[in-house]
Amino acid sequence: MSNGSQKILVTGGAGFIGSSFVRVALAADYQVIILDALTYAGHIENLEEVLKPGLCDFEKGSITNLEFVSSVLKKHQPDYFVNFAAESHVDNSISGPKAFMETNILGTFSCLEACRAYYNSLTSDKKNSFKYIQISTDEVFGSLNDTGKFNESSAYQPNSPYSSSKASGDHLARAWFHTYKLPTIITNCSNNYGPRQYPEKLIPLMIQNALIEKTLPVYGTGKNIRDWIHVDDHTRGVLLALQKGKPGSTYCFGGNSEMTNLEVVNSICSYLDEIKPRKSGQKYSELITFVDDRAGHDWRYAIDDSLAQKELDFKRQFESFNMGLKSTCKWYLENKIWSEKIQSKMRST
Ligand code: NAD
């Protein structure tokens, strides 16, 4: 817990994971400043009932603009900086990689440079506690075969434009620690699911398509494996990294829930069959269709997060994927207004 006076500057706080982190930080009594460019993936709707002047402020702008990031640091004088802002969808990185290089590499560079100048201007007390957290993904480690898990010592072997841009951001954060002594920490997390995820990603896409009786497109054979973590477990882990993590370290977070994509889609279908049966009497799984595989599709990701458990006291509250998935499906059913607003924005872009 904070004493109510510590401030965290959160980039990308209007996105899926950033907005969960904002709630987790406010609940732990931090003040929050959100810096977000509100791209197609960022939504003020994700911050409803959260923004309050002086407690949770919002600054609109891009992390690629060094002067802007510096001015927000100067204005709000935060104690911590957490960089969630990113282009985050692998498919988009394949069709248009440029924005990924700009935001995930040059944007991270601006954040680090702005923080370096800010850090050097701090009093020694504030310097001792300041931390910069770089939020990253397990995808930087490449693809696993059927056995083994990634951990903090895994080699970087990114395969997509997205994961290579995230890997570059990680390397920059590491270099700014070693070269300039900026207290950076990197977190690498597995696939997240939960409320407020933009419906381009597997789980919200399937829930939303099912509810409007659209086909459920599954890549290839559907056998690729991901390790699913509830977004609130991830963001509680990030807060622990900020509070207890050692500068210069990396921490991995995972869900201990490996599932094939097809298993995930079938679980969504079975749960929706229970709570919102189709009018036709057919099963939702009949909407599943297999589509051409994603180019360079990584086979399997899995995370061993025993270091975070040991050093940060990290514990998952959603121990079972089914429990988290049920609460997620319920959230999308109960928050139709959110879904409608996001879908109408999707149609207009
Ligand atoms: P998201 O796409 O839902 O949100 C990204 C947010 O960043 C949006 O609010 C967007 O407006 C903002 N943004 C994008 N470009 C910006 C820029 N140039 N300047 C300022 N803001 C900008 O993404 P997410 O799923 O919430 O992911 C957040 C972070 O977590 C990313 O760094 C991502 O790589 C990482 N991550 C995601 C997952 C996952 O499963 N989604 C897993 C591990 C790590």
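Predicted model: local features only at pLDDT ≥ 70, side-chain atom pairs only at ≥ 80, totals over all residues.
Close-up 1. You'll find Glu213 in the loop between H7 and strand E8 (216-219). Its backbone is worth a look too: Glu213 isn't a glycine, yet its phi is positive, at about 60°. For background, most residues other than glycine have a negative phi.

**Close-up 2. Leu38, another loop residue with a positive phi.** Where does Leu38 sit? Look in the loop between strand E2 (31-36) and strand E3 (56-60). Phi of Leu38 is near 50°, a positive value in a residue other than glycine. With a relative accessibility of 26%, Leu38 is partly exposed.

**Close-up 3. The second largest pocket and what lines it.** This pocket has a volume of about 320 Å³. How do you spot empty space like this? Rolling a probe the size of a water molecule over the atoms shows where empty space is left. Around the second largest pocket there are 15 lining residues, and Gln208, Leu211, Ile212, Lys276 and Lys336 are the ones nearest its centre. Sort the lining by class and you get 6 nonpolar, 3 polar and 6 charged residues. Helix H7 (202-211) and helix H12 (336-348) each bring at least two residues to the lining, and H12 gives the most, with 4 residues.

**Close-up 4. Helix H11 and its covered residues.** H11 runs over residues 321-334, and its 14 residues should span 20 Å at 1.5 Å a residue. The C-alpha atoms at its ends are 20 Å apart, so expectation and model agree. Which residues of H11 are buried? They are Phe321, Gly324, Leu325, Thr328, Cys329, Trp331, Tyr332 and Leu333. A handy rule to keep in mind while you look: an α-helix has 3.6 residues a turn, so residues three or four places apart point the same way. The cover over the buried residues of H11 includes strand E7 (192-193), H7, strand E10 (229-230), strand E12 (258-260), helix H9 (261-275) and H12.

Close-up 5. Back at Ile8, leave out its neighbours within four places in sequence and its contacts are Phe21, Ala25, Tyr30, Gln31, Val32, Ile33, Tyr80, Val82, Leu239 and Leu242.

**Close-up 6. Pro161 and Ala175, two residues of helix H6.** Pro161 belongs to helix H6, which covers residues 161-180, and Ala175 is found in helix H6 as well. Pro161 is partly exposed, with a relative accessible area of 25%, while Ala175 is partly exposed at 29%. Setting aside residues up to four places away in sequence, Pro161 touches Ser93, Ile94, Pro97 and Met101. Pro161 and Gly96 are 65 residues apart along the chain, with 9.0 Å between their C-alpha atoms. For Ala175 and Ile44, the separation is 131 residues in sequence and 33 Å in space, C-alpha to C-alpha.

How values were computed: Residues numbered from 1 in each chain as written. Heavy atoms only, no water. Buried < 20%, exposed > 50% of the residue type's maximum accessible area, 1.4 Å probe, protein only. Contact = heavy atoms within 4.5 Å. 1 Å grid on protein atoms, 1.4 Å probe; cavity = no way out; pocket = protein on both sides within 12 Å on 5 of 7 lines; lining within 4 Å. Points joined across faces, edges and corners; volume = space filled by probe spheres on them. Nonpolar A, V, L, I, M, F, W, Y, C, P; charged D, E, K, R; others polar. Expected span 1.5 Å × (residues − 1).
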